[in-house]
Amino acid sequence: MTANDHISCKQYAGGVSVIDAGFGRDHMTACYMMEAGKEVAFIEVGTNSSTARLMKVLELRGWQPEDVRYVIVTHVHLDHAGGAGSLMQLLPNATLLVHPYGARHMIDPAKLEAGSRAVYGDKMYERIYGKLIPVPEQRVRVMEDGDELSLANRQLRFMDTPGHARHHFCVHDSLSNGWFAGDTFGLSYREFDTDKGAFVLPTTTPIQFDPVALKASVRKLVADAPDCMYLTHYGRVDDVQRLAKKMIEGVDMLAGFAQRYQHDDQRRQKIEAAINAWLAEGLKEHGVSLAKETCLQLLQPDVALNTQGLEFWLDHGKR
Ligand SMILES: [Zn+2]
């Protein structure tokens with residue numbers, strides 16, 4: 001994207017572009033645009049403030065709003081789906097594709113908004129997300145595990161992938177043999193790329209983290225030898241078998257930290273400190289040359305959210 005330097009957009013081979021949603025910091029949260037024949041799909045839409053960026057990229061790539069056939073959200077957490085209502089209003093021919101457990105939250109987002117306010121607090125919620133806009137029920141289509149559809153020359157296949165959230169599916173693209181993995185395949189920021197490749201860590205956001213289910217979902221994703229994963233946080237990664245192993249180890253580590261400090265008076269601080277120490281060690285071993293403090297600063301929002309999710313799991317989850 002050279003025509004507009006305020007929007008970061010990069011094209012991968014095979015008609016898939018990654019667009020920075022502008023959520024959090026730069027290159028933290030991605031939306032994807034898929035172009036095929038005469039049709040377009042968006043996968044992940046970011047928040048309300050990402051909508052204008054997606055419409056701008058659509059225009060710069062020479063498409064009309066009418067050309068967008070699908071808007072797909074991997075799950076209904078707001079950094080992925082918060083802008084769905086506002087985007088759908090601008091795309092007259094689009095259908096919103098969503099997990100069976102997520103659909104009602106897109107049609108009536110009141111509960112979703114309340115849940116998110118509880119995690120972030122009202123002040124922060126309003127600053128980062130804003131009012132959620134309902135999507136008319138007739139424009140929402142539920143995609144069950146194993147469902148498929150085509151977008152011109154590509155076949156999209158949907159798979160139920162609980163573990164990060166029960167309302168999470170992943171989408172396989174036949175043309176690039178890659179999965180749009182949402183948060184199921186973890187977080188991998190490009191700042192941590194080295195000659196060893198990408199660095200990945202799981203995300204255990206409240207309130208439905210389930211380590212057993214998450215590991216099973218990761219194994220299912222790599223079972224058919226995909227070539228790549230399109231992560232929402234952030235971008236495409238290859239070398240998926242190595243990363244899957246790291247993901248599974250990471251889920252066990254995080255759950256282990258939570259259990260170790262379950263009955264500690266300073267549970268939150270100790271879990272956070274354990275995660276930070278583990279990440280610092282892992283990043284060093286991976287050959288990341290950024291200073292430890294810089295790395296941990298980049299990861300701070302994720303570590304805080306992971307800790308909250310682990311605590312919720314200790315108090316309410318399946319173990
Ligand atoms: Zn996310």
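What share of the contacts in the chain with a separation of 6 or more comes from residues 24 or more positions apart? The answer is 65%, where a contact means two C-beta atoms, placed from the backbone, within 7 Å.

Before we go on, a word about the model. It's a predicted one, where local features need pLDDT of at least 70, side-chain atom pairs count only at pLDDT 80 or more, and totals for chains, interfaces and linings use all residues. Residue numbers start from 1 along each chain as its sequence is written.

Now for the overall shape. The radius of gyration, taken over C-alpha atoms, is 19 Å; that agrees with a compact globule, because 319 residues packed that way would give a value near 20 Å (the rule is 2.2 Å times the number of residues to the power 0.38).

What about the inside? Some 49% of the 319 residues count as buried, meaning 20 or more other C-beta atoms lie within 10 Å of a residue's own. The largest nonpolar core holds 90 residues, and Tyr 32 and Phe 42 are among those with the most contacts inside it. Such a core is a set of buried Ala, Val, Leu, Ile, Met, Phe, Trp, Tyr and Cys residues joined through C-beta atoms within 7 Å. Tyr 32 touches Phe 42, and its other partners include Val 16, Ser 17 and Val 18, leaving out residues up to four places away in sequence.

Ser 17 also sits in strand E2, opposite Gln 11. Strands here are DSSP runs of E, at least two residues long, numbered from the N terminus. E2 (residues 16-20) runs antiparallel to E1 (residues 9-12), with 4 bridges joining them; pairing takes at least two DSSP bridges.

Definitions and conventions: A residue is buried if 20 or more other C-beta atoms lie within 10 Å of its own, exposed if 12 or fewer, and partly exposed in between; C-beta atoms are placed from the backbone.
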